[in-house]
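The entries follow the order in which I looked things up.

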Amino acid sequence: MTKTIRLTAAQAMVRYVAAQMNGNGEQFIAGCWAIFGHGNVAGIGEALYHVQDNLPTYRGHNEQTMAHAAIAYAKQLGRKRAMMVTSSIGPGATNMVTAAALAHVNRLPVLLVPGDVFANRGPDPVLQQIEDFNDGTISVNDVFKPVSRYFDRITRPEQLLTALPRAFRTMTDPADCGPVTLAFCQDVQAEAYDYPESFFAPKVWTTRRIRPDLEELVALAEAIKDAQCPVIVAGGGVHYSGATDALRAFADAHNIPVTETQAGKSALAWDHPLNLGPIGVTGGTPANTVCAKADLVLGVGTRFQDFTTGSWGLFANPARRIACLNVAAYDAAKHDALPLLADAKVGLEALSEALGEHFAKTPVTGLKSDWFDKVDPLTDAPSDTHALPTDMQVVGAVQRAATDATVVMCAAGTMPGELHKLWKSARPMSYHMEYGFSCMGYEIAGAMGIKMAQPDRDVICFTGDGTYMMANAELATAAMMGIAFTVVVTDNRGYGCINRLQMATGGAEFNNLLDHSVHAQPSAIDFAAHAASMGATSVKVSSIAELEVALASRSDMQGPYVVVIDTDPYPSTPHGGTWWDVGVPQVSQRAKVIAARADYESKKTKQRAD
Ligand SMILES: Cc1ncc(C[n+]2csc(CCOP(=O)(O)OP(=O)(O)O)c2C)c(N)n1
Ligand SMILES: [Mg+2]
């Protein structure tokens, strides 16, 4: 007879979660972020209390940012480990929806467990229950469905026997990887059931490496051999597959240059001769010049999002082919690509073997030195110390302070573009950019998650003033937990990058910078004082030289260290970059909009459907 153990559904869930291992023998779910409410405190809360040795619980200040920390943790560890996040029902749950979407876009694992309404409907409507007049099965958690890779609602304790294995299958599957939401009815959390003991036996989820189909492999190898000017677009999948060495070997063996997306950056060292650097809208001239004339564009582990493809205007060679080596069939087939459905590492290795001695004759000389001649001076410390520093100069100061242990991270605002163009990544995973959802508010919590993932790394987070204002509360969590990372706040008094985009699309400066927004008195936020009030060490610096001094003491810090600097909202790196499709009004009373529209229409003709 099957041996059983009587547990509540919540106890069973945490016991199962703690027993799931990755291929390296580590617990896949490293811990659980939790904010309790009536929807989870009695059930999941009680269960978590008993497993703290195996599955520690961390208390954050906002469900969204707790989930950001969890997601950054998983991203930094190349999806090999993840975290669980639990919330109450209603607002606690919906606070996690943005984070779920972020994980969904970026294909990152996270186990979201929002509480849900009573399955038995006894107390209906429970506090925070929305009531659908026409559908008795709806709760707010249905909004997780489009942003979860796997969604389930646990309405009976024994459903966990199927739901949990599916959840872990999803999070550990390289192709399907993404957020899992298990909406957990609050009465069910507390109900007992006789679970088979075998259900809780440690289970190992190894990372499946999908090997290429022979026919696809031969077709792609032929296409590469035929190409006069092939180029590789390295995306985040290169990191998640652990394919950085394979990529370097492939590029070297066949003399094919590599460009890097935001998620792919740091796949190759910045100074590797075949690394042409950043591609696309936030890219540099070396990559974009070669991409414009490439006759074969081989994406490796990339989603080909618009910032990479210049809204499909970048790959301009009329005879060019798109090819895509990707573990997800969805991506491999994008834009009529020649597909190679495979894991990046084994795919590149197999492709290399199929190419044999093939050595492309790619003319890539001088492009990189020209580029650095242009952009390096932008990052130098300014000689005019009275002018407001630029964001480029801030990047330069942080770069000069960076060590081999540094991981720079960011998600939204001016800095992702500046960092993509200017930051020099020497080693894989030293550049952590959330640019799939580019979610303001990922930064501070994400930096905390990265540091939890890799306590030995020197984590430096870039955030604008706008992003800081949107989500900063986890600074207090990091202070309380003694998690040390550096936050560089560039205060340009508003949404600088969107203000520039507004101007570039012919718009009047309006509602972006604080001065251009409705106000009774000028806004004057003391970011350093704010950060200090939450337990961070903080300092306001007034020059690049002072910033360098402040950065030099970051290794002494026991918790978050916030360095604030005012920057000029207008300048950004003028070089590199390619067109980005942002709809400009077709009619307007503003002459500048009409001119921008004319420019837009001419650029739009370069956008390719093929
Ligand atoms: C949650 C969210 N809301 C809105 C946006 C659109 N957005 C992108 S950047 C930005 C402004 C960022 O301002 P700040 O952090 O101060 O950076 P800056 O560009 O000024 O350097 C906005 C509103 C976004 N990416 N995420
Ligand atoms: Mg700003």
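This is a predicted model: local features need pLDDT of at least 70, side-chain atom pairs count only at pLDDT 80 or more; totals for chains, interfaces and linings use all residues.

Strands here are DSSP E runs of at least two residues and helices are H or I runs of at least four, numbered from the N terminus; two strands pair if DSSP finds at least two bridges between them. I noted C461 in β19 as the bridge partner of M409. On β18 (residues 431-433), I found three bridges to β17, also parallel. There Y431 is the bridge partner of V408.

I then checked burial, where buried means under 20% relative accessible area, exposed over 50% and partly exposed in between, with a 1.4 Å probe and protein chains only. Five of the five residues of β17 are buried, so the strand is largely enclosed by the rest of the structure. In a regular strand the side chains alternate between the two faces of the sheet. I sorted the strand that way: T406, V408 and C410 lie on one side, V407 and M409 on the other, and both faces are covered.

Residues are numbered from 1 along each chain as its sequence is written, chains are lettered from A and ligands numbered from 1 in the order written, and side-chain values use heavy atoms, without hydrogens and water.

I read the strand order of a six-stranded open sheet as β4-β3-β5-β6-β8-β7, with parallel pairing. β4 (57-59) and β7 (150-154) stand at the edges with a single partner strand each, so one side of each has no neighbour in the sheet. Neighbouring strands are turned by 20 degrees against each other on average, direction ignored. I counted three bridges between β3 (residues 29-34) and β4, and C32 has T57 of β4 as its bridge partner.

Axes are lines fitted to C-alpha atoms, for helices over the stretch in contact, and angles run from 0 to 180 degrees between N-to-C directions. Helix α1 (residues 9-18) touches β3, β5 (82-87), β6 (110-116) and β8 (179-185), and its direction makes about 155 degrees with that of β8. Helix α6 (residues 160-172) touches β3, β6, β7 and β8, at about 160 degrees to the direction of β7.

Which residues of α16 and α23 meet? I listed Q393, V394, A397, V398, R400 and A401 in α16, and I544, L547, E548 and L551 in α23. By class this contact has seven nonpolar, one polar and two charged residues, where Ala, Val, Leu, Ile, Met, Phe, Trp, Tyr, Cys and Pro count as nonpolar, Asp, Glu, Lys and Arg as charged, and the others, Gly among them, as polar. The axes of α16 and α23 (residues 544-552) come within 10 Å and cross at roughly 30 degrees.

I also looked up α16 (residues 391-401) against α17 (residues 415-422): the angle is about 55 degrees and the axes are 10 Å apart.

In α11 (residues 285-293) I found P286, A287, N288, V290 and C291 buried. They pack against β11 (230-234), β12 (258-260), β13 (275-278) and α15 (367-379).

How values were computed. Contact means heavy atoms within 4.5 Å.
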